[in-house]
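Hi,

Here is the model I promised to pass on.

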Amino acid sequence: MDDLDLEKLRVPLPMPSYPEGFRSGFACFVGRPNVGKSTLMNALVGQKVAITSNRPQTTRRTVRGIVHRDDAQLIIVDTPGLHKPRTLLGERLDSLVRSTLVEVDVIAFCIPAGEPIGRGDTYIARELAAQRDTPVVALVTKTDTVDRARVSEQLLAVSRLGEWADIVPVSAAAGFQLDTVADVLCGHLPEGPPLYPDGELTDEPDEMLVAELIREASLEGVRDELPHSIAVVVEEMAPREGRDLIDIYASLYVERPSQKAIVIGSKGARLREVGSRARAQIEALLGSRVYLDLRVRVAKDWQRDPKQLRRLGFDQQV
Ligand SMILES: Nc1nc2c(ncn2[C@@H]2O[C@H](COP(=O)(O)OP(=O)(O)OP(=O)(O)O)[C@@H](O)[C@H]2O)c(=O)[nH]1
């Protein structure tokens, strides 16, 4: 399904009833890489639907998380960090973010409480100022990392950065102000029926979530430059006949043979660790035992090569 065709999703599902004044719609989270967008989305949704890591640019895909409330349904579109593009992949990600911005009902701009406002934030604030028709809520994230005085200073600095519909301090880690963020975002949604059935938390296909979990597992403990070079494709995923087991065949792509050696580790030890870490997460996601076959392949300089990007599925997202 086309990730960006949000309008298609506005066709209401046959719902028995919904309360008067019910609101439904889309919110999009933007901000520099590593500011806590994915963590906040997961906390709001209440389940892990986007992967997180302590390395910038973990998120490459637009992932939707769905927050179900009695009075509203908020569909959150997670975006890759908005930043000045350095590679072809970077450029495509940025255009993905921009095209998402115009299609949502409200934008949440995330700025961490503990870091001074920098050129990256100013760049994004300028981009957002151009989205005149969409309200922008500024979220000051990770408030648990600093004291109250610093939070107040940051709120003031953020208020000077642009015109915001609201400014809300929040900590996903401490569970501070999560309801307020949901209230504020829902307040900007149009009135209308729920767009997704009750209980559905994301419309990502399982294959995508599985690939993201494998990529997340592979990012742990590798050198700084490697994360941007890893892409995961699930080649095949099917229940094994007569058994309560799902077979998954996945390829982990790196850009260079030297990176392949790092990922595999001495006598395959690292890859085995990645496999068992990913398998535990996938089993929790799918609620079934899983056989995971993980191959490491080299796709030379894939981030700069349009053909390779297409093969790895990135063309569907632009
Ligand atoms: N202390 C603290 N850490 C947080 C909080 N939210 C996120 N983090 C950490 O910040 C790091 C980045 O979080 P992500 O949610 O991956 O950030 P992101 O903005 O989605 O990053 P990209 O995918 O690179 O755009 C992770 O190590 C998180 O654990 C928070 O509220 N408090």
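First, a term that comes up throughout: a residue counts as buried if 20 or more other C-beta atoms lie within 10 Å of its own, as exposed if 12 or fewer do, and as partly exposed in between, with the C-beta atoms placed from the backbone. Keep in mind that this is a predicted model, where local features need pLDDT of at least 70, side-chain atom pairs count only at pLDDT 80 or more, and totals for chains, interfaces and linings use all residues. Numbering starts from 1 along each chain as its sequence is written.

The overview: the protein chain has 9 helices and 9 strands. Those are DSSP runs numbered from the N terminus (H or I over at least four residues for helices, E over at least two for strands). Of the 318 residues in the protein chain, 39% are buried. For contacts, the criterion is C-beta atoms, placed from the backbone, within 7 Å. Among contacts in the protein chain between residues at least 6 apart in sequence, 71% join residues at least 24 apart.

Now the parallel strands. Strand β1 (residues 23-30) has 8 of its 8 residues buried, so it is largely enclosed by the rest of the structure. Looking along β1, R23, G25, A27 and F29 point one way, while S24, F26, C28 and V30 point the other. β1 runs parallel to strand β4 (residues 106-112), and 4 bridges join them; A27 stands opposite V106 there. For strands, pairing means that DSSP finds at least two bridges between them.

From β4 the next link is to strand β5 (residues 136-141), again parallel, through 6 bridges, with F109 opposite A138. In β5, 6 of the 6 residues are buried: V136, A138 and V140 on one side, V137, L139 and T141 on the other. β5 in turn runs parallel to strand β6 (residues 166-169), with 4 bridges, and V137 has D166 as its bridge partner.

β4, helix α3 (residues 119-129) and β5 make a right-handed β-α-β unit, and so do β5, helix α4 (residues 148-159) and β6. Right-handed here means that, with the strands pointing away from the viewer, the path from the first strand over the helix to the second runs clockwise.

Then there is an open sheet of 3 strands, in the order β7-β8-β9 with mixed pairing. β7 and β9 stand at its edges with a single partner strand each, so one side of each has no neighbour in the sheet. The twist averages 15 degrees from one strand to the next. β7 and β8 run antiparallel and are joined by 8 bridges, E236 standing opposite Y249 in β8.

Helix α6 packs on this sheet, touching β7, β8 and β9, and its direction makes about 130 degrees with that of β7. (Axes are lines fitted to C-alpha atoms, for helices over the stretch in contact, and angles run from 0 to 180 degrees between N-to-C directions.) α6 (residues 206-219) is mostly covered, with 10 of its 14 residues buried, among them L209, L213 and I214. Its cover includes β7, β8, α7, α8 and β9. α7 lies across β8 and β9, at about 150 degrees to β9.

Cheers

Key. Contact = placed C-beta atoms within 7 Å.
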